[in-house]
Amino acid sequence: MAQVHFSSNQRRLTGGVAEIEIEAATVRELMRKLEEMYPGIRAHLDQTSATAVAIDGDIIPDPMYEPVPPDAEVHLITPLAGG
Amino acid sequence: MRYVAPASVAEVVALLAGDPEARVFAGATDLVPQMRAGRPEPSVAIDLKKIPRLTGVSLTDGTWRIGAAAPTADLTGNAALAADLPGLVYAGGLIGSDQIQNRATLGGNLCNASPAADSVPSLVVNDAQAVVAGPGGELTVRVIDIPSGPGRTSLQPGEFVVEFLIDRPLPSTSDAYLRLIPRTEMDIAIVGAAARVSLDGDGNCSSAAIALAAVAPTVVLVPAAAEALVGGPISDDVLATVAAACAEAADPIDDKRGTVAYRRQVAGVLAKRAVLEAAGRAGNGGGR
Amino acid sequence: MSRTHVSCNINGDDVEFLCDAGESLLDALRDEMRLMGAKEGCGTGDCGACSILMDGRLQCSCLIFAPEADGAAIVTVEGIADGDHLHPLQQCFLEGAALQCGVCTPGFLVAAKALLDRNPDPTETEVRYALAGNLCRCTGYDKIIRSVLAAADRMKEEVAG
Amino acid sequence: MTITEQRPSYRYVGTRPVRHDGLDKVVGKARYAADLVLPGMLYGHILRSPHAHARIVDIDTSVAEAMPGVRAVITGADFPDLPADDPERNMTRNLMARDKVLYEGHAVAAVAAATRRQARDAAEAIEVTYEVLPHTLDILEAMEPGAPLLHDDILTTGLDSEPSEPSNVANRTCYERGDIEQGFASADVVVEGEFLTKPIHQGYIEPHACVADTGQDGKTVIWCSSQGHFRVRSQTAAMLGWDTSRIKVIPAEIGGGFGGKTTIYLEPLAVELSARAGRPVKMVMSRDEVFRATGPTPGSVIRVKLGATGDGRITAAKAWLAYESGAFPGVWAMLGCMCVVSPYNVENFLIEGFEVVVNKPVNAAYRAPSAPMAAFATDTLVDEIARRLDMDPIDLRLLNCPSAGDQAPYGPKWPLIGLRECLEAIRDSEHYRSAPAAGHGRGVASGFWFNIGEASSATVNLNENGTATVVTGSPDIGGSRASMALMAAEELGIDVHAIQPVVGDTEVVGFTDVTEGSRATFATGMAVVEACRDLKGQLRGRAARMWDCDVEDVEWADGRATHSGGEHEPLALADITAEAGRTGGPLGATASLNARGAGPAFSVQVTDVSVDDETGRVTVERYTTAQDAGTAIHPDYVEGQMQGGVVQGIGWALNEEYIHDADGVMENPGFLDYRIPVASDLPMIETIIVEVPNPNHPYGVRGVGEVGIVPPLPALANAIHDATDARIRELPMSPPRVLAAINSGNGA
């Protein structure tokens with residue numbers, strides 16, 4: 001089970017839930033399940049530019065097909081820019 | 001635009017007389033940036049650097065003659081001049097980089113008429129005269145009478161500066177120039193202050209002149225500061241009076257480089273320091 | 001308007017070119033002579049990337065009207081090596097990693113050469129002030145200053161040796 | 001100096017060879033974009049808005065089109081208008097205004113003509129009728145209801161309730177953890193302040209330049225100066241509405257970028273002008289244009305409040321950050337939020353950030369974007385805590401230092417990081433152990449930057465003489481070619497100068513993301529290593545064929561094949577490449593990857609300054625920086641990045657700023673009054689390379705390009721305070737501002 005953490009912005013869509021466990025093999029599956037649980041969350045993530053995920057601390061900018069290891073820690077965040 | 005490089009003052013006078021859009025230049029360190037910023041090109045750019053009289057630096061009969069088109073590097077490289085007029089030479093060595101100092105000139109620094117021109121306060125405290133050529137021949141004008149406002153001079157159409165005349169300083173006399181810039185090089189002065197001080201045998205100040213840059217539309221002489229100095233030793237009290245007189249004489253503006261309050265305060269600080277530096281050299285006999 | 005004819009010596013070669021009177025020597029070197037070593041970083045004499053020597057004097061070629069070069073001897077970065085033998089400054093810049101992007105490097109080399117020609121044994125402070133007219137945004141100047149000092153040492157050794 | 005944690009010893013990695021592209025650069029032969037000349041080439045010139053905010057009523061190009069030498073004139077109407085949800089829409093509207101100009105310097109039209117002069121004259125002859133609109137330049141003013149609106153479609157995202165009216169605030173970002181009330185309640189010391197910074201330009205010495213040659217076949221070739229030619233291709237395609245396969249981009253040498261060349265400004269205009277004129281078109285910006293129209297980093301207003309216990313443990317942090325993005329929104333406030341307290345373990349925090357548009361040039365990335373301003377606030381206040389508690393500022397930071405497994409404020413757990421090692425390196429440095437000279441003030445600060453991975457490709461070809469060519473898609477902005485060659489040399493076991501590292505164009509190497517986020521040596525280096533390892537497998541196979549043995553019996557080490565049974569004389573790489581045609585053909589390998597596991601970067605710095613208390617002039621007397629490089633592949637260029645970052649930070653702290661007049665016109669668009677540091681302003685910048693290898697890279701590389709710019713802002717503010725008792729919370733700390741602070745006696 002991956003642990004998915006929500007930022008305070010995102011908690012508006014999760015009814016205040018800060019952290020849940022989800023069984024998902026890929027980010028795509030994880031997103032599908034999140035959308036089922038919290039309708040509108042994907043649009044919210046797009047709108048707030050939270051289109052990257054951090055899986056066990058590694059920030060992945062375009063993650064849809066990314067595998068999610070068991071017990072991974074997942075955060076939904078902004079893709080980084082750099083100079 | 002046409003480019004011409006006449007060989008004589010008379011040719012320059014004739015060119016200027018025939019074309020009000022013609023312009024003389026030497027280093028072009030102001031002209032080129034102004035053209036790039038959109039100022040119209042002159043019809044004719046008259047290069048003064050091929051006229052030996054305008055690029056020479058010489059001492060004759062107790063008077064220094066500095067060509068208006070001599071690059072300031074030729075001042076800093078002249079040991080005898082630097083011994084006599086260390087403040088002026090130091091000021092010339094502050095104008096931009098080595099690259100700039102191989103082009104920039106006292107004539108250009110004066111006639112571009114920036115209130116922040118580094119060499120002008122030193123010319124003024126040394127009571128420099130400018131030889132001006134024009135349709136009516138040559139005349140000699142005090143340098144302080146030439147700037148009339150930012151970018152403006154009292155020179156009439158067809159006139160240009162040929163050379164500067166500065167009497168050698170008397171014994172136990174020296175000058176100094178200090179400026180405040182944010183970096184160590186390459187900036188325009190936020191404030192500049194020049195001082196010329198003469199000491200008598202007792203170490204009392206016998207004559208003085210203080211001039212400020214970048215605190216008014218033109219260079220400012222501060223007679224009140226000079227008066228405070230003359231007649232006694234250069235004490236902390238006197239220096240405080242000098243600083244206050246300079247802050248009072250300053251009439252600056254707020255702009256991208258500094259504020260009114262800053263310029264007033266620092267004008268006093270730099271004037272005080274310039275007096276001390278000049279007096280220190282004068283106390284060692286000055287340049288003689 | 002007819003163009004101005006200029007004859008001069010560049011890096012040891014007598015050359016002639018035509019230019020507009022208001023054109024900078026920098027543009028003439030690059031456009032007419034195809035000498036691309038001098039760069040335009042500012043066009044106003046503030047960055048030194050276009051530094052050249054004209055009659056032995058270090059100058060910003062962006063501030064020189066091209067016709068001023070008539071009769072002059074000009075040295076650009078392309079002219080400071082002795083054939084295939086690099087100038088000690090060039091060698092020390094390479095060994096000392098004194099360049100990152102390299103666009104300011106030609107100007108620094110010419111300015112540093114002007115310094116060492118006039119002062120073969122400069123202090124760190126003298127080097128810093130002599131190169132204050134050359135902007136570098138990559139290096140923080142540290143390795144440039146060290147490399148100029150190293151070149152000065154090497155040139156003294158060559159003279160002594 | 002280098003302080004290294006345990007790691008393998010290497011033969012080439014960590015050495016300091018002369019860079020491969022160095023010779024061309026010291027003899028003036030290196031080819032930058034502005035150096036290219038093509039037969040028949042025209043010159044382009046852009047007409048720019050004189051107004052900060054105005055509606056374009058009409059553009060009349062007829063006079064310009066009839067002028068001598070003019071071959072093409074274009075305006076915004078000549079490009080497709082991208083739909084509102086297209087991610088490149090703002091980019092295209094920045095390159096050429098449509099409907100409205102949003103800042104002074106915004107491009108309105110462009111001309112191609114036979115000479116530069118003709119192009120400029122024609123551009124100036126284009127008649128634009130503007131309806132001038134009210135403008136807004138100040139972040140806080142722009143956030144107010146009723147402020148002049150730049151866009152009528154910005155509805156702030158991230159608010160508790162969806163706004164119904166548009167505003168200049170693009171988004172609100174929030175990070176929150178623990179109980180902030182309780183955190184402050186348990187604090188013995190609470191410090192807070194508001195910190196202001198101005199927009200700062202990257203200040204690369206080479207202005208933007210490109211040449212485009214568009215043929216009758218509908219294809220174009222672009223030579224340009226950029227940090228990423230694949231992005232030039234995609235952005236140019238987006239603006240033109242073209243398929244990317246019609247565009248080939250050839251990277252020229254790049255004369256500095258620092259983030260400012262991660263986006264485009266000229267290329268689609270040059271392509272379109274070239275298409276219309278049927279001739280190649282060169283476009284080169286003036287320095288003035290670079291300042292007015294290309295990428296500064298944002299100005300900011302940041303309010304931070306910190307609480308700490310009496311023994312120095314930070315218990316709570318509250319941060320409010322507003323970043324101005326220029327005329328179109330960016331991601332700057334979000335990044336600032338993610339960095340603002342990251343060098344500290346804080347259990348309770350509330351971080352809130354706002355992205356605000358104003359009538360200034362559109363911001364671009366600049367070296368650790370958004371982190372320096374955030375650190376300026378936080379690390380100044382941390383210094384105040386240390387003073388209040390009479391604690392050593394390094395000890396205070398060590399006490400609150402995160403390490404692997406701690407939760408970073410922006411969410412995930414920290415991987416292996418080297419902040420502690422950097423703090424210890426400074427604490428133990430000769431600089432820190434010796435007292436500052438009399439009258440000098442000392443300041444310390446730390447900084448964080450993420451570093452990123454992204455996509456990279458590399459092709460390594462072995463030549464018949466035993467040399468190798470390494471082709472990557474990463475423009476080299478600071479010596480990365482030398483790093484690629486060193487890693488390839490280490491892998492293949494051949495001399496670093498037997499390797500020719502090359503930056504390939506968009507048609508000869510696989511897709512590679514922009515050189516940004518300190519990623520080139522990390523991610524592209526990883527691709528080079530992967531390709532080399534593939535080649536080593538091939539080399540073993542070829543040796544097996546030459547020896548007629550099983551490949552399992554061939555080992556590869558130190559650049560040669562050895563037979564495990566010792567039955568054959570070892571074969572050097574050159575022996576195998578010489579026979580390659582007879583053993584299966586040329587030897588080459590390609591690797592393309594999306595690099596994972598970028599290692600976060602930290603830097604800790606200490607500086608001593610003197611302050612003239614009568615004029616407010618600050619002199620940097622001494623400076624030492626420690627930075628975790630992971631592994632320094634080429635230490636010279638690691639030091640160069642560290643020193644360059646520090647000096648850019650010094651410029652930002654002391655003198656650099658965008659100055660606009662009341663009409664929104666930039667007052668200092670040149671190096672005379674936009675004051676980047678000159679050589680005589682500085683001491684030597686002493687470097688301590690800390691090496692805590694990144695376990696996710698074959699050689700332990702972290703990026704080194706960015707984090708060095710983060711600590712100088714607070715380090716200098718802290719040093720100035722130490723020297724004068726004046727706490728300055730607004731940049732730049734120029735002489736007038738420092739003197740005003742001294743005059744007002746504002747000790748914190």
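Helices (H or I, at least four residues) and strands (E, at least two) are DSSP runs, numbered from the N terminus. I work with a predicted model, where local features need pLDDT of at least 70, side-chain atom pairs count only at pLDDT 80 or more, and totals for chains, interfaces and linings use all residues. Residues are numbered from 1 along each chain as its sequence is written, while chains are lettered from A and ligands numbered from 1 in the order in which they are written.

**Entry 1: chain C, helix α1**

Six of the eight residues of α1(C), residues 25-32, are buried, so the helix is largely enclosed by the rest of the structure. The buried ones are Leu25(C), Leu26(C), Asp27(C), Ala28(C), Leu29(C) and Arg30(C). They pack against β2 (13-19) of chain C.

**Entry 2: contacts between chains**

Four pairs of chains touch, and chains C and D have the most contacts among them. That contact takes 41 residues from chain D and 42 residues from chain C. On the side of chain D, the elements giving two or more residues are α1 (22-26) and α18 (635-654). Of these, α18(D) gives the most, with eight residues. I sorted that side by class (nonpolar: Ala, Val, Leu, Ile, Met, Phe, Trp, Tyr, Cys and Pro; charged: Asp, Glu, Lys and Arg; polar: the others, Gly among them). The side of chain D has 21 nonpolar, 14 polar and six charged residues. Chains A and B do not touch, and their nearest C-alpha atoms are 26 Å apart. Chains A and C have no contact either, with their closest C-alpha atoms 13 Å apart.

**Entry 3: a sheet in chain D**

I counted two strands as paired if DSSP finds at least two bridges between them. Four strands of chain D form an open sheet in the order β22-β21-β20-β26, with mixed pairing. At the edges stand β22 (499-503) and β26 (587-595) of chain D, each with a single partner strand, so one side of each is left without a neighbour in the sheet. Strand β20(D), residues 454-462, runs antiparallel to β26(D) and is joined to it by nine bridges. Thr459(D) is opposite Thr590(D) of β26(D). Which strands does helix α16(D) lie across? Helix α16(D), residues 520-547, lies across β20, β21 (468-472) and β26 of chain D, at about 145° to β26(D). For that angle, axes are lines fitted to C-alpha atoms, for helices over the stretch in contact, and angles run from 0 to 180 degrees between N-to-C directions.

**Entry 4: backbone exceptions in chain D**

Most residues other than glycine have a negative phi, and most peptide bonds are trans. I noted Glu454(D), in strand β20 of chain D, with a positive phi near 70°. Glu454(D) is buried, with 25 other C-beta atoms within 10 Å. Phe258(D) also has a positive phi, near 60°. Phe258(D) sits in the loop between β13 (247-251) and α8 (267-277) of chain D and counts as buried, with 31 C-beta neighbours inside 10 Å. Last, I found a cis peptide bond between Leu731(D) and Pro732(D), with omega about -5°. Pro732(D) is in the loop between α19 (712-724) and α20 (735-743) of chain D.

How values were computed
Buried ≥ 20, exposed ≤ 12 C-beta atoms within 10 Å, placed from the backbone. Contact = placed C-beta atoms within 7 Å.
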